[in-house]
Amino acid sequence: MSQTASTSITREERKVLAGTLVGTTIEWYDFFIYAQAAGLILSTQYFGPLAADNPALGQIMAWASLGISFLFRPLGAIIAGHLGDRIGRKKMLVLTLILMGAATSLIGLLPNYAMIGIGAPILLTLLRILQGFSAGGEWGGAALLSVEHAPISKRGIFGAYPQIGVPVGMILATGVIWVLTTLLTPEQFASFGWRIPFLFSVVLVIVGYYIRRQVEESPVFAELAERKAESSAPLGILFKKNTKEVILSALIFIGNNAVGYMIIAFFAAYASRPLDEGGSVGLDRAPVLLATTLASFGWLVFTMWGGALSDKLGRVRTFQIGYVLLIVWLIPTFLMIDMANIWMYGIGIFVLTVGMGLSYGPMSAMYAEMFPVEVRYSGVSIGYALGAILGGAFAPTIAETLLAETGSSISIAIYMIVVCIISLIGVSLVKETKGNDLGLTKHH
């Protein structure tokens, strides 16, 4: 496809955008269902009995199970990136989708601690690791499929489509749990209701599989295959020639990912924890989940805007604006949540999503433009996975620990601000990538 500007989106481009959006939405729905469940139910069902006299420890263990899967993301990224650079983005995207869906559905069928004892948290953690392995290979392929199909002037907006899979997946996940907590009694939700969202993943995977099968392979990868220019050891070349880009891409992501996992998992659990169970806010769970779902729409809109804005202002400047907004608004967000007013909770998180969108929408385009084509899949996948480990993997665990140690949510806000400052510095060290050649000409 021509890399010149185009005024309209072709049928094939629409199929590509739908394929990347649907796939990442399903992957992140699966991921977020676990994150929501970790805050609401898994600590009592699977980890609580291991720390019967210390409920806070049980919750910290549940958050840790959320984080441990991130450690396996680089492995997924390395294997999927290596194979994706050889056999194509499309085949790897279909494989990672099926793998994630299978792991999620099995969690929905897994007996709890009361049924099988210590085997329950062990099996749960293993399935969570499988989710992480799958997600490590997912994002890079989806990001590259969208950006490599894009006209040169629209890479930012095209690349925003796999990015909005995050808020759309969160809207689905939080919305489904909100419906269940509204329709079921707390006892019904605890006994069987929480399993329904995990099993629902099967339906989403079938839909995603069908859509992804319709998408043609990336034109840049096709050009690479035609020239037989594949490297015999793309990983070796990646770290020999592009170590700086891998490190910078990881640093760029950690702030956004850390704050993202607070929105995805921590805020709702923190705000809705009953006062008689050690909570400090004590809002009702259903309204909190609804407010979190509505805030996710802001994340969606501002992520699309961030991608489009980066086509005009440039990737670096859009990222910088996003991170400055996050740094400025984090302390007010926690102060508003601590007011124990559902409106303040919703407004605080919604405003936070402005900075989230601007520091996430341009990411696909920027990462694709940072790496040469022969190691691009590996480069963006590994950079993204490392950023997730350093950013969101243990953010809820660290937040819960800080809260237990200091008794103040402001300590969490300060931790988040420090992480965002690191990312702001990281993105400021990147030379503007907008308009870089994505083909092979300058690499051979």
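Modeller: Contact here means heavy atoms within 4.5 Å. This is a predicted model, in which local features need pLDDT of at least 70 and side-chain atom pairs count only at pLDDT 80 or more, while totals for chains, interfaces and linings use all residues. Residues are numbered from 1 along each chain as its sequence is written, and side-chain values use heavy atoms, with hydrogens and water left out.

Colleague: How many helices and strands does the chain have?

Modeller: Both kinds of element are DSSP runs numbered from the N terminus, with helices (H or I) needing at least four residues and strands (E) at least two. By that rule the count for this chain is 20 helices and zero strands.

Colleague: What percentage of the 444 residues count as buried?

Modeller: The scale uses relative accessible area with a 1.4 Å probe and protein chains only: buried is under 20%, exposed is over 50%, and partly exposed is in between. Across the 444 residues of the chain, the buried share is 60%.

Colleague: Which residues have the most contacts inside the largest nonpolar core?

Modeller: A nonpolar core is a set of buried Ala, Val, Leu, Ile, Met, Phe, Trp, Tyr and Cys residues joined through side-chain atoms within 4.5 Å. The largest one has 107 residues, and those with the most contacts inside it are F267 and Y345. Helix α13 (residues 243-272) gives this core its largest share, 18 residues. A second, separate core has five residues, including A160, I164, L300 and M304. Back in the largest core, the residues with the most contacts are F267 and Y345.

Colleague: How do the residues of the contact of α13 with α17 divide into nonpolar, polar and charged?

Modeller: From α13 come E245, L248, S249, A250, I252 and F253, and from α17 come M363, M366, Y367 and M370. Ala, Val, Leu, Ile, Met, Phe, Trp, Tyr, Cys and Pro count as nonpolar, Asp, Glu, Lys and Arg as charged, and the others, Gly among them, as polar. The division is eight nonpolar, one polar and one charged.

Colleague: How many residues of α17 are buried?

Modeller: The buried residues of α17 are M363, S364, A365, M366, Y367, A368, E369 and M370. This helix is largely enclosed by the rest of the structure, because the buried count is eight of the eight residues.

Colleague: Which side chain does a polar contact of 3.3 Å join to that of Q163?

Modeller: Q163 sits in helix α8 (residues 155-183) and is buried, at a relative accessible area of 0%. Beyond its neighbours within four places in sequence, Q163 is in contact with W139, T303, Y360, G361, M363 and S364. A polar contact is a pair of N or O atoms within 3.5 Å; within protein, one must be able to donate a hydrogen and the other to accept it, and residues adjacent in sequence count only if both atoms are side-chain atoms. The partner of Q163 at 3.3 Å is S364.

Colleague: What separates the C-alpha atoms of F319 and N256?

Modeller: F319 lies in helix α15 (residues 315-337), and its 0% relative accessibility makes it buried. Not counting residues up to four places away in sequence, F319 touches I252, L358, S359, P362, M363, M366 and V427. N256 is 63 residues from F319 along the chain, and their C-alpha atoms are separated by 9.9 Å.

Colleague: Where is A340?

Modeller: A340 is partly exposed, with a relative accessible area of 36%. Its phi is near 60°, a positive value in a residue other than glycine. A340 is placed in the loop between α15 and α16 (342-358).
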